[in-house]
Amino acid sequence: MKIILPSPRTARGSALLVTMVVTAIIGFSLASYLTLVSAQNRSVVRSQTWNSTIPIIEAGIEEALAHLNKNGLTNLFTQGWRNEYGYAVRKRWLGDCRYMVAITPTVRPVIECTAWAPAPILFADNSAHSTLLAQAGTAGWRNRTYVYRTVRVNTRGGPLFARGMVAKGSINLNGNNVSSDSFDSADPNFSTNGRYDGNKRNDNGDVATNSGGNVFDAGNANIMGRVATGPGGQVSVGANSSIGTKAWVLGGNKGIEPGRFTDDMNMDFPDVQVPFTSGKNPRLNVPISITNISYGMTTVTTPTLPSPRPTGTITTNYGTITTDILPSPLPSGGIMTTLVARTSTEYPTNAIGPVSTSTVVVTATVLPSPLPSNVVAVVTNITTVTNVALPTNGTFVVLRTNTSATTVPYPNSPMPDKNSDPGPWQPPYPGTYVGEITRYYKNSNPKGWYQDYQAISSYVYQTHTYRITYNGAYSYFAYQYSYQVPESYTYQIPTSTNVTITTTTYDMVFDSGDYVVANLGGSVYVAGDVRVLVQNSMDFTGKGGITIGPQGSLKLYMAGASAKIAGQGVLNMNGSAHAFSYYGLPSNTSLTIQGNGSFIGTIYAPNADFKLGGGGNDTQDFIGASVTATVFMNGHFNFHYDEDLARRGPQSLYVITSWNEIGPGENAILRNPDWAFIDE
């Protein structure tokens with residue numbers, strides 16, 4: 001028996017093959033694991049970078065809020081904030097990170113902030129970026145990849161008296177002949193010497209409630225302004241009520257003018273804080289002598305500010321300047337930026353966005369020399385013409401002259417004189433032949449003199465016409481800036497003087513300073529800049545009332561539950577609503593104003609039910625603005641809102657009402673992320 005043993009070479013080959021297969025499997029598994037770990041590491045690092053943009057965004061939003069609360073809407077484009085496309089924009093580097101924040105100059109400003117953080121890992125393309133984190137975007141700059149996020153926040157706040165009469169809850173205007181309108185104590189077009197003038201009234205006497213539902217009863221009131229409620233609210237109007245523009249109301253129209261009602265009222269009502277807890281005591285039973293000087297006055301208007309200044313009020317008359325160049329320095333009164341359409345024959349240097357050009361095509365036989373600067377193309381058209389005569393104008397080039405041999409006989413002798421013989425044998429007219437004229441005598445039939453020459457039969461020439469394309473008008477958009485500057489000053493100078501002195505003894509006299517009193521009543525005189533905290537009650541009846549002197553101003557803080565202003569009311573001798581401010585603390589739940597005297601001032605008592613009663617023949621019952629919990633108006637009452645309170649009156653801080661993250665594909669204020677890397 002013969003046994004065949006396997007070859008050692010074959011055994012070695014099988015072992016090698018098994019080893020290679022096992023090694024390949026282990027290698028593939030190891031590579032897959034390393035790839036997974038690498039991808040996970042990239043994801044974690046990118047996520048951490050993406051999250052790191054939030055503190056940068058918060059820094060930008062905080063800066064925007066601080067800028068808003070310090071400068072308001074009228075001075076947005078100051079302190080490094082630039083006007084870009086109508087928005088106030090600020091850009092900052094924070095180390096290797098960057099943020100850009102923009103503020104919309106609207107009544108309820110919107111703040112939008114985008115933050116960039118450098119990605120530690122360079123990715124291949126943007127599609128991979130956006131799939132990893134849906135809200136993240138990327139931007140390249142200087143060979144680096146940045147991860148960016150955008151957040152938009154809505155705000156509210158600003159002027160406490162942005163409208164004439166505001167309530168948290170119900171408004172009832174069921175009085176007799178109740179009306180509301182507005183004026184502007186800082187604008188001579190809508191006031192006289194800063195006072196309300198019925199002949200110059202305006203139609204911004206807005207009345208609004210924050211509540212929805214059927215809580216606004218306008219009764220038969222005439223409101224020159226707008227009315228507003230919270231979402232879903234309604235305004236009930238009587239048969240004789242008229243609400244709308246000045247033209248609508250004075251035109252005898254009834255009901256609410258279209259466009260003068262909205263249900264989007266959403267105002268913040270911050271509580272009044274106790275400003276101080278201790279203060280001085282007022283002087284008691286003090287006679288105050290008031291010198292009344294009346295003058296025969298004449299009004300003077302001059303283009304320059306008078307020097308020395310007159311003792312009375314100077315009214316500054318403003319004019320509006322509109323320019324395409326941003327003024328520098330910026331005017332203190334603010335500036336309005338408008339994007340307007342422009343047409344120009346010169347190429348614009350201030351265009352925003354694309355410039356479209358219209359062209360004009362003209363055909364001419366003579367090329368202008370020199371060519372105008374707005375010529376963009378000239379096309380020369382050449383035409384070959386055969387004609388008996390040459391043209392008398394235009395541009396042409398003679399190519400050749402066609403001639404024919406011509407013999408003219410003269411059967412007499414001698415040859416006629418060319419100057420005396422009128423016959424047809426005179427020499428040809430110049431320009432009808434070329435070359436020499438040959439004259440000879442022919443002794444044949446007929447005998448006589450002959451002349452030969454080359455007569456011109458036609459010309460072959462080229463005419464030139466030019467098709468000239470001119471640049472016509474350039475159409476584009478550009479910024480236009482409008483602002484106001486003083487144009488003239490109006491003031492009065494006395495022509496005669498009449499002096500009377502009135503002495504009145506007041507129960508309390510307040511000089512400049514802070515005061516804390518338990519109760520306030522009787523007759524009160526305010527001589528300087530005064531702040532008063534009333535701890536318990538305030539009740540003015542009979543001959544009692546508050547008199548604010550010509551140099552006085554009063555901020556009254558009411559901590560007691562109820563306050564009543566009747567009797568002589570509030571006599572504001574300087575006539576400005578800025579001079580008297582009533583602030584109701586959270587504990588103040590009721591405020592009543594009655595009587596026939598006028599009230600000039602502001603009321604901010606967001607937790608108080610506000611009742612207005614009385615009124616008489618005086619058409620200036622309430623001048624200023626009010627913000628309260630509710631409003632109930634009874635009697636003959638006229639309400640006049642001073643629009644200057646929205647500019648120079650007290651302000652509440654802007655606060656954030658919503659926070660929304662904006663994805664890369666969504667519309668945003670900051671549409672171009674590369675803006676952030678353009679150096680300022």
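Modeller: Tyr85 is partly exposed, with a relative accessible area of 46%. Keep in mind that this is a predicted model.

Biologist: Why is Tyr85 called partly exposed?

Modeller: Buried needs a value under 20%, and exposed needs one over 50%. Tyr85 has 46%, so the label in between applies.

Biologist: Where is Tyr85 found, and what is its phi?

Modeller: Tyr85 sits in the loop between β1 and β2 (87-94). Its phi is near 60°, a positive value in a residue other than glycine.

Biologist: How do you know whether Gln79 is buried, partly exposed or exposed?

Modeller: Compare its value with the limits. The relative accessible area of Gln79 is 46%.

Biologist: Why is Ile25 called exposed?

Modeller: The cut-off for exposed is over 50%. Ile25 has a relative accessible area of 53%, so it is exposed. Its place is in helix α1.

Biologist: What makes Leu17, Val21 and Ile25 a nonpolar surface patch?

Modeller: Patch residues need over 30% relative accessible area and no salt bridge, and nonpolar side chains are joined within 5 Å. For Ile25, the area is 53%, so it is past the 30% limit. Together with Leu17 and Val21, Ile25 makes a patch of about 290 Å².

Biologist: What makes the bond from Ser328 to Pro329 cis?

Modeller: Its omega, which is near 0°. Pro329 lies in the loop between β19 (315-323) and β20 (336-344).

Biologist: How do you know that the bond joining Ser369 and Pro370 is cis?

Modeller: Again, look at omega: about 0° for this peptide bond. Pro370 is in the loop between β21 (352-364) and β22 (375-387).

Biologist: How many helices and strands does the chain have?

Modeller: The chain has 4 helices and 38 strands. A helix takes at least four residues and a strand at least two.

How values were computed: Residues are numbered from 1 along each chain as its sequence is written. This is a predicted model: local features need pLDDT of at least 70, side-chain atom pairs count only at pLDDT 80 or more; totals for chains, interfaces and linings use all residues. Side-chain values use heavy atoms; hydrogens and water are left out. Buried means under 20% relative accessible area, exposed over 50%, partly exposed in between (1.4 Å probe, protein chains only). Patches are made of residues with over 30% relative accessible area and no salt bridge: like charges are joined within 9 Å, nonpolar side chains (Val, Leu, Ile, Met, Phe, Trp, Tyr) within 5 Å. Accessible areas come from the Shrake-Rupley method with a 1.4 Å probe; for residues, only the protein chains shown count as cover. A salt bridge is a side-chain nitrogen of Lys or Arg within 4 Å of a carboxyl oxygen of Asp or Glu.
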